[in-house]
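Open the structure in your viewer and keep the selection tool at hand.

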Amino acid sequence: MKLLKDFMDMKNHGEKITMLTAYDYPSAKQAEQAGIDIILVGDSLGMTVLGYESTVDVTLEDMKHHARAARRGAKDTYIVVDMPFGTVGIDDTTDIQYAMELYRDTNANALKIEGAHIAPLIKKCTQNGIPIVAHLGLTPQSFGITGYKLQATSKEAAEALIEDAKRIEQSGAVMLVLEAIPSDLAAVITKVLSIPVIGIGAGAETDGQVLVYHDVLHYGVDHKPKFVKRYGDFSTGVDALKTYHEEVKAGIFPSPEFTYKKQIMDEVNE
């Protein structure tokens, strides 16, 4: 398993870091078999797996359930788990209690928290031995305010994001995810920070990239953001299921090759 020191070395030596958002045993198992560096159990599971309208519906128990499944599938991969909506920004005591509970109950290597306002929580988590991956730019838990669109498109917003990133690092974050920001801004932030910067819709000059398993494989999702590249097509599974449905209806399946041969009733009738 790669650890934080390994990711720092990768940044310093210019080796790109791969992160994949995956939510369960089979997807995490495939990610580990593929050699993915980091698995992110993201709260986007709300939409991709649970059918929720947004990430704000995801609960702490949802995150625990899926993170534990992912860990069972990828015992030797660095796993980061999202703190869901409603577990951050309550008060200092409650926030750290939720963080400690999620970290302990999932056997995660780190937790991920969205937004610049969480710098004090990052510091407190760090003091308690919980590594934190920060998330700036488009933060899905705040989509009701920011919208699902490119962020930091003005000079003022770009400057503010650079300062937020610096503050996040100073608070103790071990890594930063930048989502949906101009590529030249992401490049500047990557150079300014000493911690690894992982991009999603942030261009090629970050220290690594993260995409969602279901987006990469076109599995159960229809919307395709500009920054997503399809590397497979699981949507063909629908055709396979239709064939199964039709063969059962027509009495084709199961054929003799899929049927146990022993004639037990001959013995019963003797």
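Begin by selecting Arg-104 and Asp-105, which form a salt bridge with their closest N and O atoms 3.1 Å apart. Keep in mind throughout that this is a predicted model. Colour the pair by accessibility. Arg-104 has a relative accessible area of 58%, and because exposed means over 50%, Arg-104 counts as exposed. Asp-105 is partly exposed, at 26% relative accessibility.

**Helix 1**

Next, select residues 4-13, which make up helix 1. Show the side chains of Lys-5 and Asp-9, both of which belong to this helix. How far apart are Asp-9 and Lys-5 in helix 1? They are four residues apart, about one turn of the helix. Their side chains meet in a salt bridge, with an N to O distance of 3.0 Å. Is Lys-5 buried or exposed? Lys-5 is exposed, its relative accessible area being 59%.

**Helix 8**

Move on to residues 155-170, which form helix 8. Select Glu-163 and Lys-166 there; these two lie three residues apart, about one turn of the helix. A salt bridge joins their side chains, at 3.5 Å from N to O. Both residues fall in the partly exposed class: Glu-163 has a relative accessible area of 42%, and Lys-166 stands at 31%.

**A network of salt bridges**

Now select Glu-61, Lys-64, Glu-101, Arg-104 and Asp-105 together; salt bridges that share partners join these residues into one network. How many salt bridges does a search of the whole structure find? The search finds 11. In general, side chains of opposite charge can pair when their charged atoms come close.

**A positive patch**

For the last stop, switch to a surface view and select Lys-29, Arg-68, Arg-72 and Lys-75. These residues form a positive surface patch. Where is Lys-75 placed? Lys-75 sits in the loop between helix 4 (60-73) and strand 3 (78-82). Lys-75 is exposed, with a relative accessible area of 57%. Patch members must have over 30% relative accessible area and no salt bridge, so at 57% Lys-75 is above that area cut-off.

Terms used. Residues numbered from 1 in each chain as written. Predicted model: local features only at pLDDT ≥ 70, side-chain atom pairs only at ≥ 80, totals over all residues. Heavy atoms only, no water. Salt bridge = Lys/Arg side-chain N within 4 Å of Asp/Glu carboxyl O. Buried < 20%, exposed > 50% of the residue type's maximum accessible area, 1.4 Å probe, protein only. Patch = residues over 30% accessible without salt bridge, like charges linked within 9 Å, V, L, I, M, F, W, Y side chains within 5 Å. Areas by Shrake-Rupley, 256 points an atom, 1.4 Å probe, with all protein chains shown as cover. Lys, Arg positive; Asp, Glu negative; His and termini not counted. Charge placed at Lys NZ, Arg CZ, Asp CG, Glu CD.
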